[in-house]
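Visitor: I have a structure open and I would like to learn how to read it. Can we go feature by feature?

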Amino acid sequence: MPTGPAPVAGDHAAADRPAAGVRLPLRRRLLPVIALLLLAPWAAECSWGGFAIDDFLPVLIFLGPMYGGAAILIRETARHLGAGWPTIVLLAAAFGVLQAGLVDQSLFNPDFLDDTQYADTRAAAEATLVPGLDFSLRQAFDYVGNHIVLTICAPIVLIESFLGAERRLRPWLGRPGLAVVGMLYLLGSLLIFTDINDDKGFLASPLQLIFAASLVLALVATALLPQWRRPRPRRTRRVPHPLWVALPVVLVRLGSDLTPGWPGMIIALSLAAVAGGLVAYWSSRNGWGQRHVLVAGTAGLVTAAAFAYLVPPYAPASPAAALAGDVAVTVVTVALVGGAWWRLRASPAVHVAAS
């Protein structure tokens, strides 16, 4: 059972607000918003080798409003509510289902990857088809999991780690700014839906759409429960070194492809549950701070960047362009994670809710 005094500073926006009347210049308030708007699409589609280097800029331009807008809205919702990482992770899962099930509908379209260099993964995906709903549990795990880890959590934790402790957990935008970002996200999603629908000519069945929409609503409702906004006491045992927190996250990535079919899915889901439970347990210990959050949130990004050299981009590219893209991914990832770690070198330990 948790013991010991309540934490001095929790993962709640109110705990990190400066004195009343302090208002940052517009440029400083918008800088992290713009950074997250650009980082989210790069992490979602480029960080694991999905595009060659000459496609990086188009990815940022065309996918930024959708991916970046979602990351900003999720982060701002949690921070305005005074909630922590459980809310962010649940909302990220809701976004993953929304994106793969309702926007691009890749979850239900068996031909979605046929015109890419991943067409040969179709047989492995069909080995885990869910009866009645006709979607691959393997693809659902990959699509939604990557959106949680790469699209939402890693960019948010990186940008927050670069900020000072007094700004890290504060909201960045008011209602007008949120309205603009919300409109940007809706327009970006509509653009992607229309483009893919025109290109693929596919529309999920009513049952599939109802299932996806119901799951999104259930995840959002769970994310907004008041229990995620209550500060919790710390456990007396000390938390391990931050680098140890990366181990279970990396094991999920390495172990999720050990064997195909349903046995592989049982292993992957079990590893994900164990990793999530370990991070949740460690985060309740004394000494859990932003460096631990940084490692937990970016271990998946670092692993994806390391494997980028082994996977092809979606579209055929010259070996030089593909290699340049992989090297750029390594440089950007090392710079971001290393820079965030260095930025936190003098930060005090702050108790943060589990992710």
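Visitor: Which backbone oxygen lies 3.0 Å from a polar atom of the side chain of Thr 87?

Guide: First, a caution: this is a predicted model. Now the case. The oxygen belongs to Ala 223. A pair of N or O atoms within 3.5 Å can count as a polar contact.

Visitor: Where does Thr 87 lie?

Guide: In helix α3.

Visitor: Is Thr 87 buried or exposed?

Guide: Use the cut-off: buried means under 20% relative accessible area. Thr 87 has 0% relative accessibility, so Thr 87 counts as buried.

Visitor: Which residues does Thr 87 touch, not counting residues up to four places away in sequence?

Guide: Ala 78, Ala 223 and Trp 228. Ala 223 is also the residue whose backbone oxygen lies 3.0 Å from the Thr 87 side chain.

Visitor: How many residues of α3 are buried?

Guide: Count them along the helix. In α3, 16 of its 19 residues are buried. The helix is mostly covered.

Visitor: At what angle do α2 and α3 pack?

Guide: Helix α2 covers residues 56–81. It packs with α3 at an angle of about 150°, and the axes are 9 Å apart. Angles over 145 degrees count as roughly antiparallel. That is why α2 and α3 are called roughly antiparallel to each other. The crossing of α2 past α3 is right-handed.

Visitor: Which residues make the contact?

Guide: From α2 come Met 66, Tyr 67, Ala 70, Ile 74, Thr 77, Ala 78 and Arg 79. From α3 come Trp 85, Thr 87, Ile 88, Leu 91, Ala 92, Phe 95, Gln 99 and Val 103. The residues of this contact of α2 with α3 divide into 11 nonpolar, 3 polar and 1 charged.

Visitor: What about the loop between α2 and α3?

Guide: Ala 83 lies there. Ala 83 is buried, with a relative accessible area of 0%. Now look along the chain. Ala 83 and Arg 230 are 147 residues apart, but their C-alpha atoms are separated by 7.9 Å.

Visitor: What is the phi of Gln 105?

Guide: Start with the general rule. Most residues other than glycine have a negative phi. Now the case: phi of Gln 105 is near 55°, a positive value. Gln 105 follows α3, in the loop between α3 and α4. Gln 105 is buried, with a relative accessible area of 3%.

Visitor: Where is Asp 134, and what is its phi?

Guide: Asp 134 is in the loop between α4 and α5. Its phi is near 55°, again a positive value in a residue other than glycine.

Visitor: At what angle do α5 and α11 pack?

Guide: About 135°, with their axes 9 Å apart. Angles over 145 degrees would count as roughly antiparallel, and 65 to 115 as roughly perpendicular. The crossing is left-handed. The contact includes Val 149, Leu 150 and Cys 153 of α5, and Val 293, Leu 294 and Gly 297 of α11. Its residues divide into 10 nonpolar, 5 polar and no charged.

Visitor: How do α9 and α11 pack?

Guide: Helix α9 is residues 242–255 and helix α11 is residues 290–307. Their angle is about 40°, with axes 8 Å apart. They are therefore oblique to each other. The crossing is right-handed. Among the α9 residues that meet α11 are Pro 242, Leu 243 and Val 245. On the α11 side, Arg 291, His 292 and Val 295 are included. The contact of α9 with α11 divides into 11 nonpolar, 3 polar and 2 charged residues.

Visitor: Last one. Is Lys 200 buried, partly exposed or exposed?

Guide: Lys 200 lies in helix α7, residues 175–200. It is partly exposed, with a relative accessible area of 26%.

Visitor: Which side chain makes a polar contact with the side chain of Lys 200?

Guide: That of Asp 115, at 2.9 Å. Beyond its neighbours within four places in sequence, Lys 200 is in contact with Asn 109, Asp 111, Phe 112 and Asp 115. For contrast, take Leu 258, 58 residues from Lys 200 along the chain. Their C-alpha atoms are separated by 32 Å.

Conventions
Residues numbered from 1 in each chain as written. Predicted model: local features only at pLDDT ≥ 70, side-chain atom pairs only at ≥ 80, totals over all residues. Heavy atoms only, no water. Helix = DSSP H or I, 4+ residues; strand = E, 2+ residues; numbered from the N terminus. Buried < 20%, exposed > 50% of the residue type's maximum accessible area, 1.4 Å probe, protein only. Contact = heavy atoms within 4.5 Å. Polar contact = N/O pair within 3.5 Å; in protein donor to acceptor, adjacent residues only side chain to side chain. Axes fitted to C-alpha atoms, helices over the stretch in contact; angles between N-to-C directions. Parallel < 35°, antiparallel > 145°, perpendicular 65-115°, else oblique. Left-handed = near helix turned anticlockwise from the far one by under 90°. Nonpolar A, V, L, I, M, F, W, Y, C, P; charged D, E, K, R; others polar.
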